[in-house]
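Hi,

Here is the structure I promised to pass on. Have a look at it first, and then read my notes below.

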Amino acid sequence: MSSLSVAEPQEMEVDRRGESEESGDDETRRKSINGDMDPNQPPATNKEEESPVDMDTITLDPEEEDVDLVHCRIGKIEGLEVLQKAKTLSLRQNLIKKIENLDSLCSLRELDLYDNQIRKLENLNKLTQLEQLDVSFNLLRKVEGLEQLSCLKKLFLLHNKIGSITNMGHFPCLEMLELGSNRIRVIENLDTLTSLQSLFLGTNKITKLQNMDSLHSLTVLSIQSNRITKMEGLQNLVSLRELYLSHNGIEVIEGLENNKKLTTLDIAANRVKKIENISHLTELQEFWMNDNQIDNWSDLDELKNAHSLETVYLERNPLQKDPQYRRKIMLALPSVRQIDATFIRF
């Protein structure tokens, strides 16, 4: 066999893409795989020490369609009736405690209430054209008050105190649902979301993969950092392309027989001892298996049918102790261009 000449590996920044990226700006991105905040994020402001401003001091343009009132120390939603042409309204990072006084904004398509002090979803029923709602980083305990939002396509409720998935029967158009970093224990009440394409449930208390049989359109499923011990309940997700299950208690790779379209499979930081039951995943491009218990080089044969495989993570497995670790991966999987966090150049 011909030898490979490998240049110095080039360090790269890792993008796990295991959580939704659309809720939050560059400064508040929640990109850590284990549910931690971005280390580059500035310290959170102590809102208890801030005093709200009077809305009379804020100038509003009646002709504006995209209204941006970010970090204005707004304490109460009021005086917005002049914004009859507004299609997007951002009130993120304020001191708002209650959703109110929005009934006249019937043209709204997007409403952003990220990072406030809201305890209840209410007074939204007049916003029947709303397509995107973000109430992440608040104090919500229930999903409620959204019955009239039948046009909703994206719903972000990340990092609240929601204990269960309820009241989801009103969103025939919903394509993305973000419920990460809550207190959810059971996947349930998703049967009517037949248009759903992306479901994010990372950093909850979920113990079982279940009740997803009707999600035929789902392409992205992220349930990282939960309490799952078995890969199951995925047989009807035939459109699935990205599956993120890192930081759970999984011991065996199984249950993927019908998920032949998978391009990304993340089972990092589990208790897996053997790479198996994935030789049929021929479209796989990224395979994350770091921080497990893989110790047999022959396991890589399971990946040989994935001719488009470009990225493999196997660090912090017993295999990594082999002095020829990187070289053996390259020989076994010649299509790979990135091993762990470094690119390889031939």
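Is Arg73 buried, partly exposed or exposed? With a relative accessible area of 33%, Arg73 comes out as partly exposed. Before I go on, please keep in mind that this is a predicted model.

Most residues other than glycine have a negative phi. You'll find Arg73 in the loop between strand E2 (66-68) and strand E3 (88-90).

Ala269 is another one for the backbone list: phi is about 55° there, again positive, and again the residue is not a glycine. Ala269 sits in the loop between strand E11 (264-266) and strand E12 (286-288). Its relative accessible area is 19%, and since buried means under 20%, Ala269 counts as buried. Arg73, on the other hand, is partly exposed at 33%.

Now the cysteines. How many disulfides does a search of the whole structure find? The search turns up zero. A disulfide is a covalent bond between the sulfur atoms of two cysteines. Take Cys151: the closest cysteine sulfur belongs to Cys173 and lies 6.0 Å away, so the two are too far apart for a bond. The cut-off for a disulfide is a pair of sulfur atoms within 2.5 Å.

- Cys72 is partly exposed, at a relative accessible area of 24%.
- Cys151 is partly exposed too, at 28%.
- Cys106 has a relative accessible area of 43%, which makes this residue partly exposed.

Cys106 belongs to the loop between E3 and strand E4 (110-112).

Last, the surface. Which residues gather in a patch of positive charge? They are Lys97, Arg119, Arg141 and Arg183. Of these, I looked up Arg141, which is located in the loop between strand E5 (132-134) and strand E6 (154-156).

Cheers

Note on methods:
Residues are numbered from 1 along each chain as its sequence is written. This is a predicted model: local features need pLDDT of at least 70, side-chain atom pairs count only at pLDDT 80 or more; totals for chains, interfaces and linings use all residues. Side-chain values use heavy atoms; hydrogens and water are left out. Patches are made of residues with over 30% relative accessible area and no salt bridge: like charges are joined within 9 Å, nonpolar side chains (Val, Leu, Ile, Met, Phe, Trp, Tyr) within 5 Å. Accessible areas come from the Shrake-Rupley method with a 1.4 Å probe; for residues, only the protein chains shown count as cover. A salt bridge is a side-chain nitrogen of Lys or Arg within 4 Å of a carboxyl oxygen of Asp or Glu. Lys and Arg count as positive and Asp and Glu as negative; His and the chain ends are not counted. The place of a charge is taken as NZ of Lys, CZ of Arg, CG of Asp or CD of Glu. Helices (H or I, at least four residues) and strands (E, at least two) are DSSP runs, numbered from the N terminus. Buried means under 20% relative accessible area, exposed over 50%, partly exposed in between (1.4 Å probe, protein chains only).
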